[in-house]
Amino acid sequence: MPGPSNTLLIEGSFDELAEEFAHYLDEVKRKQGDTNTAIHAEISSLLHQKDEVLKKLVTGSAVLNAAPEKEFIAAYNLLVHLIRQSSNPNMFLPRTCQNLSNPVTSSPTNGPGLALSVLTTIFNILPQDNDVRYHVFLAILRVIRSSGSFELLRPQLKNLDTWITQWETDEEDQRKLYLSIAEVAEEASGEEEQSYLYLLRALRTIPSDEASSQEARQLSVRALKSALSYPTHFDFQDLTSLDSIQALRKSDPILFELLDIFNAQVLDDYNDFKDEHDDFISEQSLSDETLTRKMRLLTLASLAASTQSRSLPYQHISRALQIPSEDTEIWVIDTIRAGLVEGKLSQLNQTFLVHRSTYRVFGEKQWTEVQGRLETWRASLEGVLGVIRGEREKMQREKERELREVEGRVNGAQGMGAGRGRREIDVGGLVD
């Protein structure tokens, strides 16, 4: 994968190396049973015209995918070196990358690794702001997709935004790139969320004035189904904020209704939807089992967020989730694991004490609930402050009382001392 810049060290003049490479291509073709065209003969009269020679060599280089495994990288490195001698190498590199993204028939097992090695070399020898890097990266994505090697791509994704800026990629090409990454992730095991995130990024490249286009609709439907299908995706606000998704309200009203249910409603609403739109879920290739499970978790999240007492009886939970009462704790634990709520189960009291809950949407109703809770907290705090104030006043009174008592003792002691002094004086006078 892309890394530090590489340097190709190959000795020889362009003409010598071009002839050598043409001979090699003819030899590979001959071994494949193709003797109709001799590339060396075609370039003999063109050797002083680099670009014309390169057109022949690059066109014929598709046969390199059948070259022996041990010669594959060296042969492609020679071709890349020759292309770099052109005054316009960008004219030949996209076709070379396309060839490299095709299967390496001589080595089905190691072919993807060989192709990635050459593509990485091409990527790294190009200047950072060269937009041909974009096409090289697309070829890398095709190879990774064919080999199911998403783990090779993951470390490079952190550089993607920087590369896009350097290449000055327009929105259409960005969308193509994001979709390619989404497809690579979709076919990799356990990368559904990554696939969805790049689908979402692709959707965000669609201008508002194209939100109702056929392309936007297809991509929006794809992203919406992905969000519904992924078992760990629960936040649909990222979708509902997009113009292209809102356009589904007219083009795909039933699907948009389903989105609205998962965005803000509960299990009863989902079941009513299924009753009203029989077979819609299966027709859209969605799993009712997956959707029902997700809807139960979301329903519990809504229930926890809306309760004023922060204490949910098991009975209320089992009724809302339409589950047997003995399964209540299992579903609460699953909802906690999903990150939708936090709290403590009490088997003794048969309640779930909510410590934190997730608001699925935040509108007027939620603001009203927050206002109610703030009023409750304010009243509670005022009560606490009243108690503190009362205790402070009590302590102050106690201190004042103790101070008066101390002053009284001091004054009494001083009075007694003065009396003894006078008696001593009087006695002293009699002696005289």
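1. Ground rules. The model is predicted: local features need pLDDT of at least 70, side-chain atom pairs count only at pLDDT 80 or more, and totals for chains, interfaces and linings use all residues. Residues are numbered from 1 along each chain as its sequence is written, and side-chain values use heavy atoms, with hydrogens and water left out.

2. Core. The largest nonpolar core holds 115 residues. Such a core is a set of buried Ala, Val, Leu, Ile, Met, Phe, Trp, Tyr and Cys residues joined through side-chain atoms within 4.5 Å. L57, F137, L177, L239, L258 and F262 touch the most other members. Helix 7 (residues 132–147) gives the largest share of this core, 10 residues. Helices are DSSP runs (H or I, at least four residues), numbered from the N terminus.

3. F262. Neighbours within four places in sequence aside, F262 is in contact (heavy atoms within 4.5 Å) with L228, F236, Y270, L291, K294, M295, L298 and R360.

4. Helix 12. This helix runs over residues 214–229. Buried residues (under 20% relative accessible area, 1.4 Å probe, protein chains only) in helix 12 include L219, V221, L224 and L228.

5. H81. This residue is found in helix 4 (residues 69–83). H81 counts as buried because its relative accessibility is 13%. The C-alpha atoms of H81 and F14 are separated by 9.1 Å, though the two are 67 residues apart along the chain.

Conventions. Buried means under 20% relative accessible area, exposed over 50%, partly exposed in between (1.4 Å probe, protein chains only). Helices (H or I, at least four residues) and strands (E, at least two) are DSSP runs, numbered from the N terminus. The expected span of a helix is 1.5 Å times one less than its number of residues.
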